[in-house]
Amino acid sequence: MKKLRWAIDGELWELDASTPRTLEGAARAVPGKALPLGLSRGTKLFRPKLFRPNQIDFMQRFMAAPFLPSYTHHLGVTIQRVLSIPVSENWSALLLGQFNLRKFLSSLKENGGGDGVHKRDLKSIGKLFLDKSLYALGFSSEVLLTPDDTLLLSSDSYYDHNSSSIPRKKAVFHHKFPHHNLTVDAAWPALFVDKETGTYWDVPFSMAIDLASLPLDSGLSYHLCLHHNHGSPKQFQGDPIAQVPASLFAGVSAKCAFSYEKNVDIWRSKAQKLKMVQPYDIFLSDPHVSASGTIGAALSANFGESSVRLVEDAEDIKHLSYHNPTLKSTLLGDIFASVSFTAQHGNFQRLVSDLTRFHIRMDFPSGSKFLSGATRLAQDLLNSHQPSPEAVKMICPTTSLSLQQQLCLLK
């Protein structure tokens with residue numbers, strides 16, 4: 001059961017996605033067409049650890065998994081293992097090795113390995129293991145510069161020389177201010193994934209600077225982002241051909257969003273929990289009924305080739321946009337809102353039926369689109385016309401509904 005806060009932030013801010021396409025195991029989300037225009041990777045929740053290497057290291061240490069399998073369409077089945085290198089108290093490093101099992105079995109079959117292993121075949125089989133194209137190596141390092149400063153470095157190297165296995169490098173610097181987080185990261189190339197189509201894109205160089213206030217239960221928060229892309233985006237080999245998202249083209253964008261969130265506890269249990277019994281999830285241990293609402297505004301200024309294409313994509317918010325062809329600049333603005341309701345019964349301490357949770361959330365990602373739809377709907381009703389399905393669709397929120405029920409927990 002994932003933390004609800006992480007899921008909610010993923011709706012308003014573009015968060016990194018886990019992927020097996022690279023050794024690092026992370027891909028940036030392609031900024032969406034609708035505002036708040038994917039304010040980079042929302043630093044409301046900073047995840048200082050790199051994705052895949054730390055996951056494998058955790059499973060090797062605590063789940064007795066010496067090797068972890070992975071599957072991608074372009075590589076097939078691969079086997080991965082991590083070697084932890086404790087340099088010092090403030091500096092750690094991980095070395096991730098990957099072996100391409102599908103390619104090895106294919107080579108083994110071509111060399112007659114499928115007909116039985118004879119003495120004269122052992123040398124040829126041994127030579128297959130020396131084939132560098134079967135291997136990939138990833139290095140990641142985390143350095144705690146000060147109690148408030150963290151530096152992350154990663155590098156992926158592939159010995160299989162093809163267009164889908166290009167070397168990748170990444171650097172991330174994170175600083176904790178009082179009530180704020182500052183993140184500066186650069187990647188070359190940077191891997192992006194389109195949430196809607198599942199298509200992956202490589203941008204030769206991408207850099208972002210994020211400043212965000214820390215999340216509060218209620219109150220005002222903001223998020224500022226400066227993002228720069230350089231070079232022509234290239235589609236990941238093997239994916240279906242798709243149109244390049246406008247936000248990935250070369251250019252500079254400055255984005256900001258301000259939101260006000262209010263959480264209200266309608267009811268919260270004051271009954272004592274079971275003594276000497278640790279809840280299975282501390283975030284799901286308090287029976288309650290609550291509601292929350294968020295309203296905010298976002299503004300985006302774009303310069304370069306991407307600005308021209310963003311105007312074409314933002315047809316629904318043209319009256320809140322400005323484009324200067326001479327300066328190749330675009331200014332977009334919009335408002336957004338969200339409301340949610342949560343009800344939970346049980347403390348999640350017992351083995352059987354100790355958690356029932358209901359959650360509903362309605363998002364209005366574009367206020368201008370909602371107002372346009374409401375205006376068209378009102379005109380249809382005043383003129384005694386049948387409401388337009390398009391207008392109804394424009395005012396309907398994006399709704400998510402979840403129900404969690406614990407049946408039993410096996411130890």
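Is Phe129 buried, partly exposed or exposed, and what is its relative accessible area?

Mentor: Happy to! Keep in mind that this is a predicted model. Phe129 has a relative accessible area of 40%, so it counts as partly exposed. Its ring forms a tilted aromatic pair with Phe104, at 4.6 Å centre to centre and with 40° between the planes. That pair links distant parts of the chain: Phe104 belongs to helix H3 (residues 101–110) and Phe129 to helix H4 (residues 119–129), 25 residues apart. Phe104 is buried, because its relative accessible area is 9%. Ring pairs also join Phe104 and Phe129 with Phe99 and Tyr135 into a cluster.

The structure holds 9 aromatic pairs. Another of them is Phe58 with Phe62, also tilted, at 5.1 Å centre to centre and 45° between the planes. Both of these residues lie in helix H2, 4 residues apart, or about one turn of the helix. Residues three or four places apart in an α-helix point the same way, because there are 3.6 residues a turn. Phe58 has 46% relative accessibility and so counts as partly exposed, while Phe62, at 62%, counts as exposed.

Now for H2 itself. The 12 residues of this helix (residues 51–62) should span 16 Å at 1.5 Å a residue, and the end C-alpha atoms are 17 Å apart, which agrees. Its buried residues are Phe51, Arg52, Pro53, Ile56, Asp57 and Gln60. Among the elements covering them are strand S3 (68–72), strand S4 (76–88) and strand S5 (91–100). Just after H2, Ala64 takes a positive phi of about 50°.

Definitions and conventions: Residues numbered from 1 in each chain as written. Predicted model: local features only at pLDDT ≥ 70, side-chain atom pairs only at ≥ 80, totals over all residues. Heavy atoms only, no water. Helix = DSSP H or I, 4+ residues; strand = E, 2+ residues; numbered from the N terminus. Expected span 1.5 Å × (residues − 1). Buried < 20%, exposed > 50% of the residue type's maximum accessible area, 1.4 Å probe, protein only. Contact = heavy atoms within 4.5 Å. Phe/Tyr/Trp six-rings, centres within 6.5 Å; stacked < 30°, edge-to-face > 60°.
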